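User: I am new to this structure and would like to work through it in questions and answers. Please begin by showing it.

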Amino acid sequence: MTDFSGYNSKRDRNIFFLCFLAYSATYICRLNYSCIIPQLNSLGIMNESKIASVSSAFFVCYGLGQIVSGIIGDRINTRYMIFFGVFFSSLSNILICFLNSYPFLITLWALNGLFQSLVWSPILKLASVEYDSKTCDKFGMHMSVTVPLGTVLSYGVSLVTMIFLPWKYVFLTCGLILFAVSLIWIFATQKLDLHKNTPKSENSVQIKSSLKTLVLTGTVILLVPIIVQGTLKDSVTQWVPEFFSSQFNSNTSFSLLLTMLLPVVNVTGAFFAKKLMIN
């Protein structure tokens with residue numbers, strides 16, 4: 001459905017592939033918690049209040065971390081920043097397998113949100129440095145596929161793991177996958193001779209002009225529905241497996257299979273959006 005051609009060289013394609021791989025893999029260690037919620041609830045390991053607080057801790061730290069990552073991303077090497085986020089996110093998940101009482105779980109999951117927030121902003125910065133504006137647009141459209149793909153992978157890996165092992169091993173399996181991706185990222189990008197990853201700095205006049213344009217064109221107003229849509233999407237994604245399990249008395253495996261249908265609709269929407277842009 002999506003044509004991933006159109007990059008100017010093999011090097012450009014490799015940069016895209018590694019960014020695509022890194023960001024898709026972060027979803028494996030982002031949505032795996034929602035996959036084990038039915039188990040936590042049905043086995044009486046945690047009540048719904050504690051389950052929700054763990055989920056909220058992730059999103060609060062992720063949201064605040066996005067602001068911070070945008071600032072520090074202009075000051076440090078993006079290659080190392082992405083590695084740092086992916087690598088320590090994997091370690092947070094691996095540790096949960098062994099330290100999964102409520103205090104440890106909420107702390108490690110909050111740290112996971114913080115580490116994952118360090119990935120997206122530097123990926124965008126990397127694209128702005130390495131690609132021209134036309135290729136950047138193509139890069140952005142292609143990267144939209146990472147969300148549904150990562151969602152399917154997270155549910156799939158979690159499902160297979162829970163068929164054979166207790167719920168806590170979901171974090172170990174997903175963490176090891178992300179750990180492998182972090183190593184692929186740091187070693188593969190070393191061979192690509194990336195630029196210094198420092199886009200042209202904007203002076204205060206340029207920044208004020210950009211902010212003025214955002215206000216006068218009404219673009220700022222779009223932030224409201226974007227925030228609402230993001231909140232609803234993340235909330236629905238987080239609780240859909242538990243909803244299927246509790247409302248229809250389905251087992252966890254069947255609930256995850258049903259939930260895996262949602263990303264298919266997501267990627268279909270991205271495909272039609274691309275067609276509309278072309279037309």
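The questions below go from the chain as a whole to single residues.

User: What kind of model is this, and how are residues numbered?
Analyst: This is a predicted model, in which local features need pLDDT of at least 70, side-chain atom pairs count only at pLDDT 80 or more, and totals for chains, interfaces and linings use all residues. Side-chain values use heavy atoms, with hydrogens and water left out, and residues are numbered from 1 along each chain as its sequence is written.

User: How many helices and strands does the protein chain have?
Analyst: Helices (H or I, at least four residues) and strands (E, at least two) are DSSP runs, numbered from the N terminus. Along the sequence the pattern reads α-α-α-α-α-α-α-α-α-α-α-α. The count is therefore 12 helices and 0 strands.

User: What share of the residues of the protein chain is buried?
Analyst: Buried means under 20% relative accessible area, exposed over 50%, and partly exposed in between (1.4 Å probe, protein chains only). The protein chain has 279 residues. The share of them that counts as buried is 43%.

User: Which residues is Met-143 in contact with, leaving aside its neighbours within four places in sequence?
Analyst: Contact means heavy atoms within 4.5 Å. With neighbours within four places in sequence set aside, the partners of Met-143 are Phe-16, Cys-19, Phe-20, Tyr-23, Trp-120 and Ile-123.

User: Is Thr-151 buried or exposed?
Analyst: Thr-151 is placed in helix 7. A polar atom of its side chain lies 2.7 Å from the backbone oxygen of Val-147. Because its relative accessibility is 8%, Thr-151 counts as buried.

User: What separation do the C-alpha atoms of Ala-180 and Ala-25 have?
Analyst: Ala-180 is found in helix 8, and its relative accessibility of 35% is why Ala-180 counts as partly exposed. Ala-180 and Ala-25 are 155 residues apart along the chain. Their C-alpha atoms are separated by 9.8 Å.

Notes. Polar contact = N/O pair within 3.5 Å; in protein donor to acceptor, adjacent residues only side chain to side chain.
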